[in-house]
Amino acid sequence: MPNTPWPEIRGGSWQRFRPLLELGRVSNLPTVWSNCLAGWLLAGGRGWDRFVVLCGAATLLYLGGMFLNDAFDVEFDRKYRPERPIVSGRIRSRTVWLLGAAWLTIGWLAAVGLGGSSWVPGTVLVLAIVTYDACHKHFSLAPWPMAGCRFLVYLLAGTAARTGIGPAVVLPALALAVYVLGLSYIARVERTSGSLRRWPWSLLIAPAALSLLTHGESGALIWATVAMQTGWLCWCFTGRTVPSLRFFRTGVSGLLAGIALVDLVAAIPAGAPAIPPFVVLFLLALALQRFAPAT
């Protein structure tokens with residue numbers, strides 16, 4: 001393949017734009033927005049204008065982290081993932097470094113602009129993102145800062161809302177972090193075709209377990225949403241054995257889209273009106289995976 005930033009590929013401007021979608025792993029963005037929505041609802045909400053700024057900040061921080069992820073991973077991708085945009089010659093490494101740093105900086109400024117104590121989770125989130133990007137291919141505990149990133153998005157959302165950070169936000173954020181921790185260990189092995197022990201899969205049930213323990217007596221709505229999220233987990237484990245239904249994502253890609261369902265389970269105490277946005281974000285994540293890989 002020619003060593004140019006934009007090789008000639010049939011498809012014109014779409015193909016030139018596609019490396020940016022791949023670098024940003026934009027199919028996961030709906031789960032970032034669902035994180036923001038869950039944390040914001042759990043903290044009582046507070047003006048949709050602030051929620052839009054919150055989502056904008058989280059989006060930029062996520063994109064910055066994903067761009068820097070590829071920038072740090074060039075040598076790994078050369079060996080295991082030669083199709084990635086930098087090593088395949090579709091975009092220059094320097095461009096990715098500059099864009100990643102720009103997204104992180106602007107996202108941090110937007111987070112700080114939410115006021116109050118938002119600068120604390122916003123700043124720690126940036127540090128966690130950079131730490132993960134720099135270390136995740138060389139450090140066996142790297143999934144922990146990844147889980148911490150999702151935890152911190154909930155906290156940032158809490159600072160943007162009415163009641164701030166409290167147990168109603170922190171406990172679901174911890175359950176999500178446990179889910180992401182298990183998912184990260186599964187993804188780590190999937191990328192290198194290694195063998196996986198069973199314990200990471202057990203971490204994925206933490207959100208459902210917490211919801212039933214804290215709100216199980218609240219009625220059928222809690223149980224229905226937990227059943228939906230648990231059913232999706234089961235599909236991700238076994239769905240690849242059903243050829244006629246393989247258009248639904250399984251494995252790590254399916255589990256990543258399922259973060260939106262984890263957020264639904266967390267936010268269900270807000271009531272039935274909270275359900276449709278999370279379902280839409282879940283379906284959007286699945287649909288976007290057709291255009292940009294989730295991992």
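Which residues of α14 are buried? In α14, the buried residues are I275, F278, L281, F282, A285 and L286. Buried means under 20% relative accessible area, exposed over 50%, and partly exposed in between (1.4 Å probe, protein chains only). This is a predicted model: local features need pLDDT of at least 70, side-chain atom pairs count only at pLDDT 80 or more, and totals for chains, interfaces and linings use all residues. Residues are numbered from 1 along each chain as its sequence is written, and side-chain values use heavy atoms, with hydrogens and water left out.

**Overall make-up**
- The protein has 14 helices and zero strands. Helices (H or I, at least four residues) and strands (E, at least two) are DSSP runs, numbered from the N terminus.
- Of the 295 residues of the protein, 52% count as buried.
- The accessible surface comes to about 13,500 Å², and 68% of it belongs to carbon and sulfur atoms. Such areas come from the Shrake-Rupley method with a 1.4 Å probe; for residues, only the protein chains shown count as cover.
- Among contacts with a separation of 6 or more, 72% join residues 24 or more positions apart. Contact means heavy atoms within 4.5 Å.

**Helix α14**
- α14 (residues 275–288) has 14 residues. From first C-alpha to last, α14 reaches 20 Å, close to the 20 Å expected at 1.5 Å a residue. The expected span is 1.5 Å times one less than the number of residues.
- The buried residues of α14 fall within an arc of 140° seen down the axis, so they line one face of the helix. The arc is that of the directions from the helix axis to the C-beta atoms.
- That buried set packs against α2 (29–42), α11 (220–238), α12 (251–257) and α13 (259–267).

**Helix α7**
- α7 (residues 143–160) has 18 residues and reaches 26 Å from first C-alpha to last, close to the expected 26 Å.
- α7 is mostly covered, with 16 of its 18 residues buried.

**Nonpolar cores**
- The largest nonpolar core has 82 residues. A nonpolar core is a set of buried Ala, Val, Leu, Ile, Met, Phe, Trp, Tyr and Cys residues joined through side-chain atoms within 4.5 Å.
- L54, Y154, Y179, L183 and L255 have the most contacts inside the largest core.
- Leaving aside neighbours within four places in sequence, L255 is in contact with Y179, L183, I186, W201, L204, W232, L233 and C236.
- Another core, of seven residues, lies apart from the largest one; F67, V74, I91 and V96 are among its members.

**Aromatic pairs**
- The count comes to nine aromatic pairs. Rings of Phe, Tyr and Trp (its six-membered ring) pair if their centres lie within 6.5 Å; planes under 30 degrees apart count as stacked, over 60 as edge-to-face and the rest as tilted.
- F72 and W97 form an edge-to-face pair, 4.8 Å centre to centre with 75° between the planes.
- This pair links distant parts of the chain: F72 is in helix α3 and W97 in helix α5 (residues 93–112), 25 residues apart.
- F72 is partly exposed at 34% relative accessibility. W97 is partly exposed, with a relative accessible area of 34%.
- W40, W48 and F51 form one aromatic cluster.

**Individual residues**
- T59 is found in helix α3 (residues 48–72). T59 counts as buried because its relative accessibility is 14%.
- T59 touches L29, V32 and W33, not counting residues up to four places away in sequence.
- R25 is found in the loop between α1 (13–24) and α2. R25 is buried, with a relative accessible area of 8%.
- R25 has a positive phi of about 45° although it is not a glycine. Most residues other than glycine have a negative phi.
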